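Reader: Hi! Could you walk me through this one while I have it open?
Author: Happy to, ask away.

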Amino acid sequence: MKRVCSIALVLVTVLSIFACSFAAGALVPELPLDGTVVSGATTKDSHYVSYAFKLEKKGSVSFTFLADKNIQTVSLRNETTGQFKSVMTFSAADFKDNWTCQKTATMYLEKGDYTFEVYGYETEFKVNAQYKEYTLKNSSYTLSASATSDYLFNEWSTPKSHKLIVKKPYRIIFTVTHYMPIALNIKDADGNVYVSTTKYKNGTADKAEVQTIVLNLKKGTYSLNLRAEPGLENACETGGIYTIGVKAKPYVKAPANLKAVTRKTDSQTVSYSALKGVDGYQVQCSDGGKKWAQTKTGTSLTCRFTNLKPGAKYKFRVRSYVIEDGKKFYGDWSEVLNSATNPEEPAMVSAASAKPAHITVQWKKGEGVCTGYEICYSNSSSFKTVLRSDKVKAGDKDLQTYTLSGFARYKVCYIRVRTFTTFATKDYYSDWSKTTSVIVK
């Protein structure tokens, strides 16, 4: 009889423990993963509210949380691995009024049992979760031009490297979207770095970071390399998804043979060589300062700039562009062309021989700026033979005077003057003035 009672007592104890365990499990309600809204509340005695869900397959779960007030944190614990992650955090600034604070977060989760836990003070909330089975669009690490692929960064200690083969010169536009902090660089086959982000760009589970990199790449093999921020233990539960988009645009070269084809006192026309596969050209003109004062765009292989000053120094540059999806993509600028407008010709005033073998010439300077003047002497009115040609520095006075000796006496000498501007070791000349003559004493 005692043995029967003992067996009965054991059975009752086992059943009680099982019942308590079952009852305890029932205290954690299930969080649906189909977008169903679940309402909950924390009380004065219980600041924590927990929900359970189970993933049979890995995938992404998007949480939307609407809080009334006094919510502090929302967290997630993987009961299979014991890992604990923060999903959302709140501050007093988040609650402007009742039921106005809403936050969302998307997390990539491995299969397993999870507990979703809310911590707050005597408040109400609403939450829904949406599960989406996640399949990598591209399991290969070879990038394809004009394509976008998703990848998973689940090993933080190992950088991810993606190969891109460029079969001919192209402008490549990389768009990297990531949900965790990463740094990246792009290298060629020889290890030369084309671009590098030395700092980790922040991306979080609820807010992605987008990095766009545009490079003109020659034919060859390149790699896009990503490294996650050290210290993060599990990429999956901190947004380990990243997306790489690659677009190939025509390679935009810099136009060559930029030169001045027409030069006047108030304008200059420049030309440049044609490029295949481009939609147009952009040309700029500067007065020598840092600012490019005039910019013109078109399809012509020549470009004329007007309203320039006589004898002034100008710089020119040109670049080509292509139009893709309504946007202009520009190439590099050409080498800068240094060129001055023609100075205005001087007005001859007089030529006299007051002393033996001496000639004094006077002329009025033209409008604009100049470096100096060239005075040409000849015994022929056609200037087929030149006796002398002297360059003199421009003075400040409107009336310029120059005296020269050593001429043959009692002969007729013909004189003419022109203005010049020196820019980048090259002289730019005006037309000759009217010719005057004098009999040398």
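Reader: How much of the chain counts as buried?
Author: Of its 441 residues, 40% count as buried, where buried means under 20% relative accessible area, exposed over 50% and partly exposed in between, with a 1.4 Å probe and protein chains only. This is a predicted model, so local features need pLDDT of at least 70 and side-chain atom pairs count only at pLDDT 80 or more, while totals for chains, interfaces and linings use all residues. Residues are numbered from 1 along each chain as its sequence is written, and side-chain values use heavy atoms, with hydrogens and water left out.

Reader: Okay, and how many helices and strands are there?
Author: The chain has one helix and 32 strands. Both are DSSP runs numbered from the N terminus: helices are H or I with at least four residues, strands E with at least two.

Reader: Which strands make up the open sheet of four?
Author: The order is S9-S16-S11-S14, with antiparallel pairing; two strands pair if DSSP finds at least two bridges between them.

Reader: Why is one side of S9 and of S14 left without a neighbour in the sheet?
Author: S9 (147–152) and S14 (209–217) stand at the edges, each with a single partner strand, so one side of each has no neighbour there.

Reader: Where does Thr148 find its bridge partner?
Author: In S16, at Gly245. S9 and S16 (residues 241–250) are joined in the antiparallel sense by six bridges.

Reader: Switching topic: why is S30 largely enclosed?
Author: Nine of the twelve residues of S30 (residues 412–423) are buried, so the rest of the structure largely encloses this strand.

Reader: Which strands does S30 pair with, then?
Author: Among them is S27 (residues 372–378), antiparallel to S30 over seven bridges, with Ser378 bridging to Tyr414. S32 (residues 436–439) also pairs with S30 in the antiparallel sense, over four bridges, and there Val412 stands opposite Ile439. S31 (residues 426–429) is another antiparallel partner, with four bridges; Thr422 faces Asp427 in that pair.

Reader: What sits between S30 and S31?
Author: Two residues, which makes the two strands a hairpin. Ala424 in the turn has a positive phi of about 55°.

Reader: Last one: what share of the contacts comes from residues 24 or more positions apart?
Author: Among contacts in the chain with a separation of 6 or more, they account for 70%, a contact being heavy atoms within 4.5 Å.
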